[in-house]
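Welcome! Please take a moment to look over the fold below before reading on.

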Amino acid sequence: MQTQDDYELLDSGNGQKLERFGPVILARPCAQAVWEPSLPALWESASATFDRKDGLNWHGRERLPEEWIVTVRGVRMRLSTTDFGHLGIFPETLDLWEWIADAVRQGAAERREAPRFLNLFAYSGGATLAAALAGAQCCHLDASKGMVEWARGNAALNGLQDSGTRFIVDDVGAFLKREVRRGRKYDCVLLDPPSFGRGKRGELYKVEKNVQETLDLVRQVLSDEPLFVILTSHTPGFSPIVLRNLLEQTFGKGRLACGEMLLHGAEEVLDLPSGTWGRWEAKRSDI
């Protein structure tokens with residue numbers, strides 16, 4: 001069940017989305033919002049706007065706090081505007097945070113031990129912290145030192161600075177190959193490969209070329225009794241069925257599910273698709 005929190009999709013349309021992050025209301029580009037806004041008068045309430053016309057531009061950024069704290073799905077997160085229009089959170093993943101937390105709690109209750117959760121391409125830590133708050137032993141990895149430090153700060157906001165979560169700056173492929181050699185295993189894995197990116201030492205990552213190798217390495221670090229693997233994507237053409245097929249081919253029999261990541265608002269606000277997800281579970285659960 002969706003809980004009340006500091007995020008809300010207020011409206012979308014005409015290639016934009018209007019969102020509330022605590023006290024801050026922002027209008028930002030959203031190519032898939034090709035319909036008309038449902039609540040056109042509400043757009044005047046925007047604290048600031050961001051667009052990609054003639055470059056990357058904020059309008060009204062000076063009116064925003066340098067940083068602010070929000071609570072979403074029970075997780076406290078520090079937000080701040082970046083030059084690329086990002087804030088330190090991807091709200092379309094919030095439903096996944098809740099599912100992961102529920103799966104971790106159920107797994108811990110069944111096994112009477114903390115599941116080991118690995119978050120790859122992990123950004124600012126929302127899913128990691130949701131899992132940690134639910135009782136998982138977490139490993140958080142991203143190639144960006146700045147984002148890992150951001151995630152570490154978010155952990156402290158949630159009282160998790162001494163939780164034992166491992167925060168690692170590294171290339172995903174290099175890290176996974178080391179974990180395979182060391183024999184370290186994980187019960188749960190979340191990965192959000194970029195369409196295009198570079199690792200810690202400039203390693204080139206293109207999802208069409210590298211995702212199968214990444215998934216094969218994930219398979220090799222799964223425990224003998226894994227709970228789940230979740231694969232998400234913002235890459236055009238990587239539909240839910242594409243992700244499901246990749247997971248089925250890599251991990252074999254299990255419970256498979258897939259869908260679109262959605263931003264939700266009030267009843268009169270249209271749901272906004274913002275990426276895709278696929279999930280493999282080793283066994284059927286009641287979640």
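The paragraphs that follow walk through the sheets, a helix pair and the cores.

This is a predicted model, in which local features need pLDDT of at least 70 and side-chain atom pairs count only at pLDDT 80 or more, while totals for chains, interfaces and linings use all residues. Residues are numbered from 1 along each chain as its sequence is written, and side-chain values use heavy atoms, with hydrogens and water left out.

Let's begin with the sheets. Strands of a sheet pair through backbone hydrogen bonds, either parallel or antiparallel. Here, strands (E, at least two residues) and helices (H or I, at least four) are DSSP runs, numbered from the N terminus, and two strands pair if DSSP finds at least two bridges between them. Strand S4 (residues 48–51) runs antiparallel to S5, joined by 3 bridges; Thr 49 has His 59 in S5 as its bridge partner.

Another open sheet, also of mixed pairing, has 7 strands ordered S10-S9-S8-S11-S14-S16-S15. Its edges are strand S10 (166–169) and strand S15 (255–263). S15 pairs with strand S16 (residues 272–281) over 8 bridges in the antiparallel sense, and Glu 260 stands opposite Thr 276 in S16.

Now for a pair of helices. Two packed helices are described by the angle between their axes and the distance between the axes. Axes are lines fitted to C-alpha atoms, for helices over the stretch in contact, and angles run from 0 to 180 degrees between N-to-C directions. The axes of H1 and helix H2 (residues 126–133) come within 8 Å and cross at roughly 30°. That makes H1 roughly parallel to H2 (angles under 35 degrees count as such). Contact, meaning heavy atoms within 4.5 Å, involves Trp 97, Ile 100, Ala 101 and Val 104 of H1 and Gly 126, Ala 127, Ala 130 and Ala 131 of H2.

Which residues have the most contacts inside the largest nonpolar core? Phe 21, Met 77, Trp 97, Ile 100, Phe 117 and Phe 228 do, in a core of 51 residues. Such a core is a set of buried Ala, Val, Leu, Ile, Met, Phe, Trp, Tyr and Cys residues joined through side-chain atoms within 4.5 Å, where buried means under 20% relative accessible area (1.4 Å probe, protein chains only). Helix H1 (residues 94–111) gives its largest share, 8 residues.

Methods:
Buried < 20%, exposed > 50% of the residue type's maximum accessible area, 1.4 Å probe, protein only. Parallel < 35°, antiparallel > 145°, perpendicular 65-115°, else oblique.
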